[in-house]
Amino acid sequence: MTDAVSPSVSPVLSPRQVTLILFALAMGGFAIGTSEFVVMGLITEIARSMGVTEPQVGHVISAYALGVVVGAPLLAILGSRLSRRSLLLALMGFYALGNLASALAPDYFTLMLARFIAGLPHGAYFGIAALVAARISPPEQRGAAVGRVMLGLSIALLVGNPLATWLGQAFGWRWAFALVSVIALATVAMTLRVLPRGMNAPRPDVLRELRDFNRKPVWLALGIGAIGFAGMFCVFSYLAPTLVHVTGVRESFVPFGLIAFGIGGIVGTLAGGWLFDRLQFRAAALVLVWSVVVLLAWPLAALSPWTVLPGILLVATMGALATILQAHLMDVAAQAQTLAAASNHSAFNAANALGPWLGGMAITAGHGWTSTGVVGAATAVGGLLIYAWARRDARTREALALEGEG
């Protein structure tokens, strides 16, 4: 990357500057989180407007997720010659345009395409933002710094998504995407103002980064996210119809479910950073076991208005896994820091595509809306198996290194 300041030296920042930078980065996460999850809260309205079924609208969610999967590594490579500051600005500007296209989509297939395009900059933005946050923070607080950036995503679930859902229900779902465009443009303006030049780290050439990226520890970490995290999306993607058809509440109750999910997301994000700073990679196993428990409890929790909100909150705490794996990749990616950091969001959006797809198949097969909890628990078990593989591989590598020293 090129920049006005040597990429090996970051400018000295005051605590106030660090706070403002993290806030600006989190604001971008807020825009992305509001957009990524808003379809889930408006799934009934979009289905009615477009003349399609609710499971078909689930494919719109998957289209966005696939855009993230494709866009994260692609844009990270294509943007390798830009400074991290310039790349963040470009990615968020592109995000504003993608959401404007979603708001103006005339039919179902155009909306699918617009959501795919909007998803392209998602992963690269979060990956670069996490690297900047870690670079301006002490080494022992990397997990917490990454968690603060990801906190924008969780606050979107608490504030942005319920607000956008209310706006979409009151004035039409297109206004929800228009709101995201405005937030994205505000992020561009603030980032331009508070993020100084010279925030780069020394970077290898693209071929070296691709070589370091193509290593088993990196791919296993990404596999944990792609499989183990699918359960949360499996439940959340069909949250609105589950509340209406199983819990028996009105559509106006859906924003309260989204608020509960947002609170759980904040708790999970902060807990993920705290756990990683203390347990390192072992924290992933703890969160995956917790995920199996809360997902198996979901079919019972969804039966009553008194238990459904705590159930939603607990499912959302699975978000801790995102922060843990984001920080872990910094340890195992060697010189592929940017590509691995961006690809983490490819993995989680592969989960975002896999979860609604598996859940939709179970629902269509007649197993009911709450079958998403059981399906999701199975994917969390899959994530645990990949974690066990990763731990075994790490121990083997350590043993070989000791033998080499001997």
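**View 1. Q280 sits in the loop between helix 13 (254-279) and helix 14 (282-301).** The model is predicted: local features need pLDDT of at least 70 and side-chain atom pairs count only at pLDDT 80 or more, while totals for chains, interfaces and linings use all residues. Residues are numbered from 1 along each chain as its sequence is written, and side-chain values use heavy atoms, without hydrogens or water. Helices are DSSP runs (H or I, at least four residues) numbered from the N terminus. Although Q280 is not a glycine, its phi is positive, at about 55°. With a relative accessible area of 34%, Q280 is partly exposed (buried is under 20%, exposed over 50%, partly exposed in between; 1.4 Å probe, protein chains only).

**View 2. Helix 1 (residues 15-41) packs against helix 3 (residues 54-78).** The two helices meet at an angle of about 155°, and their axes are 8 Å apart (axes are lines fitted to C-alpha atoms over the stretch in contact, with angles from 0 to 180 degrees between N-to-C directions). Helix 1 and helix 3 are therefore roughly antiparallel (under 35 degrees is roughly parallel, over 145 roughly antiparallel, 65 to 115 roughly perpendicular, the rest oblique). On the helix 1 side, the contact is made by I32, S35, E36, V39 and M40 (contact means heavy atoms within 4.5 Å). Helix 3 contributes V57, I61 and Y64 to this contact.

**View 3. Helix 2 (residues 43-50) is mostly covered and packs against helix 3.** Of the eight residues of helix 2, six are buried: I43, T44, E45, I46, A47 and M50. Helix 2 and helix 3 pack at about 105°, with 9 Å between their axes, and are therefore roughly perpendicular. Just after helix 2, G51 takes a positive phi of about 70°.

**View 4. L321 is among the residues with the most contacts inside the largest nonpolar core.** A nonpolar core is a set of buried Ala, Val, Leu, Ile, Met, Phe, Trp, Tyr and Cys residues joined through side-chain atoms within 4.5 Å. The largest one has 110 residues, and L25 and W298 are listed with L321 for the most contacts inside it. Helix 1 gives the most to this core, with 11 residues. Not counting residues up to four places away in sequence, L321 touches I224, G228, F229, A284, V287, L288 and F348. Another core, of 15 residues, lies apart from the largest one. Its members include A72, L222, V332 and L339.

**View 5. The rings of W166 and F171 form an edge-to-face pair.** Rings of Phe, Tyr and Trp (its six-membered ring) pair if their centres lie within 6.5 Å; planes under 30 degrees apart are stacked, over 60 edge-to-face, the rest tilted. The count by this rule is nine aromatic pairs. In the pair of W166 and F171, the centres are 6.0 Å apart and the planes stand at 85°. W166 is partly exposed, at 48% relative accessibility, whereas F171 is exposed, at 55%.

**View 6. Y238 and W369 form a tilted aromatic pair.** Their ring centres are 6.2 Å apart, with 45° between the planes. The pair links distant parts of the chain, 131 residues apart. Y238 is in the loop between helix 11 (230-237) and helix 12 (239-247), and W369 is in the loop between helix 17 (337-367) and helix 18 (371-405).

**View 7. G359 of helix 17 is in contact with C234, Y238 and T372.** That list leaves aside neighbours within four places in sequence. G359 is buried, at 0% relative accessibility. The C-alpha atoms of G359 and V375 are 6.7 Å apart, and the two residues are 16 places apart in sequence. C234 is one of the buried residues of helix 11. In helix 11, eight of eight residues are buried: A230, G231, M232, F233, C234, V235, F236 and S237.

**View 8. V182 lies in helix 8 (residues 174-194).** V182 is exposed, with a relative accessible area of 55%. Its C-alpha atom is 7.2 Å from that of A96, a residue 86 places away along the chain.
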